[in-house]
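The stops below are meant to be selected one after another.

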Amino acid sequence: MSTSLLLVDDDRTFSSLAASVLSQEGFQVRTARSLHEMRAALAREAPDLVILDRRLPDGDGLAFLPELRAQQPGTVVLMVTAHGDIASAVEAIQAGARDYLTKPVELDDLVLRARRAAEDLQLQERLHRAESALEGRRRLLVPRSPAMRQTLQMLERIATSPRSPVLLLGETGVGKEVLARHLHALRKEQGPFVHVNCAALPDTMVESELFGHERGAFTDARTARRGLVEVANGGLLFLDEVGELPLALQAKLLTFLDKGAFRRLGGSSELTSSARVVAATNRNLTEEVAAGRFREDLYFRLSVFKVEIPSLRARREDVLPLAESLVAELCAELGRRPVGFSAAARERLEGYPFPGNVRELRNVLERALVLESGPMLELEALAPGARGPSALADPDAFVVGGPPLPLEQVEQRYVRHVLERLGGRRMDAARALGISYPTFLRRLGEE
């Protein structure tokens, strides 16, 4: 990120030469030759760094320093004083200048001091981003709604049990991975958190990915490889979209859950892992069991602790705190200062049902931050024409006269709406909705 710099000096020759040298060093340089010009420049744009001469035609730069620090507390100031004027240099540091230079100013010294100041600014910015992101993640887990508070309290109790499986249930985008990571943090596990998206793995590779393989187990198995169950030893193995696991592999997962033991593909030795399994799905597993697509014994084993995560529309009081937290995290990722919401934007966020839940909320905000550069997110940044197909669509578009529709029909209508908006591109529609392709087909009513 380029550092903006305001050089305030009435010596035209020095100012022009210094500005040229600093520009070549990557600084975005503006110049001013008086306090009057400096005030005008500060009103237009706050610089990261100011190099300020003490003696200016219309006043004392040192006397202006407290005013500058009050107006622009984040701006770093390098003060330029007369040669040998130690008292002024000390006074400048006490008034808030980072450093000082004495006249005649050596250009090499000027560049060196400016570079150091820029490096300090960049370090402070990185720390600010990290703190903002951390605070955002913390606030995601401080809900206002009773339903979500009960969910988190249950996870805290579950964390005290040693290795029992956990099944997280809820709609797409409610934050199942966030809660799985929260459980891992509550356990203070020594081992890693390992995330497996079962829907993203081809059936031919699932066993090898989860349990590993020995050399020669199949054509391309030139070396032995540890599976993710083994990698997660001592930690937490998060099986996302567990309902997508092939039936043949479900039996092997059940054995691991019962005994903590497994064999690599092509291997004969029994290995062990103390990884705790947390599974998640948006499928109705009781229906999957009845249809013969999911083993009943595995369902019961996974359901030792079953946690239902409420949808975002069931906890409307959490929407604005979540939005504020996500914006803080996204601003940190995008390298932006934190922004707020206009009153109209807040009203829109509170009134929209978010069928895509927290994931959709995050996508809406990320796009708005890219499109809106001001200090506030306005309603226009959240308007239908400025976002992806699923974001903040008019909720009335999926409501018809007469009695309320079953949720399944509303979801199917919404999925078809997204598919139509994307010109029939099914994979793109599944990605936009944040669901796997098999889940997309089921929601579409074609499986």
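**Stop 1: the cysteines**

Select C198, which is buried, with a relative accessible area of 4%. Bear in mind throughout that this is a predicted model. Next pick C331, also a buried residue, at 1% relative accessible area. Both fall in the buried class because the cut-off for that class is under 20%. If you are looking for disulfides, a search of the whole structure finds zero.

**Stop 2: H195**

Now select residues 193–197, which form strand 9, and pick out H195 within that strand.

Show what surrounds the histidine. Leaving aside residues up to four places away in sequence, H195 touches E177, F238 and D240. Which side chains make polar contacts with the side chain of H195? One is the side chain of E177, at 3.5 Å. Another is the side chain of D240, also listed at 3.5 Å. Along the chain, H195 and D240 are 45 residues apart, yet their C-alpha atoms are separated by 7.2 Å.

**Stop 3: strand 13**

Then select the whole of strand 13, residues 276–281. Six of its six residues are buried, so the strand is largely enclosed by the rest of the structure.

**Stop 4**

Move to an open sheet of five strands, in the order 2-1-3-6-7 with parallel pairing. Its edges are strand 2 (28–32) and strand 7 (99–102), each pairing on one side only. From one strand to the next the twist averages 20°.

Select strand 1, residues 4–8: five bridges join this strand to strand 2, and the two run parallel. In this pairing S4 stands opposite Q28.

Finish with helix 1, residues 12–24, which lies across strand 1, strand 2 and strand 3 (49–53). Helix 1 runs at about 165° to strand 2.

How values were computed: Residues are numbered from 1 along each chain as its sequence is written. This is a predicted model: local features need pLDDT of at least 70, side-chain atom pairs count only at pLDDT 80 or more; totals for chains, interfaces and linings use all residues. Side-chain values use heavy atoms; hydrogens and water are left out. Two strands pair if DSSP finds at least two bridges between them. Helices (H or I, at least four residues) and strands (E, at least two) are DSSP runs, numbered from the N terminus. Axes are lines fitted to C-alpha atoms, for helices over the stretch in contact, and angles run from 0 to 180 degrees between N-to-C directions. Contact means heavy atoms within 4.5 Å. A disulfide is a pair of cysteine sulfur atoms within 2.5 Å. Buried means under 20% relative accessible area, exposed over 50%, partly exposed in between (1.4 Å probe, protein chains only). A polar contact is a pair of N or O atoms within 3.5 Å; within protein, one must be able to donate a hydrogen and the other to accept it, and residues adjacent in sequence count only if both atoms are side-chain atoms.
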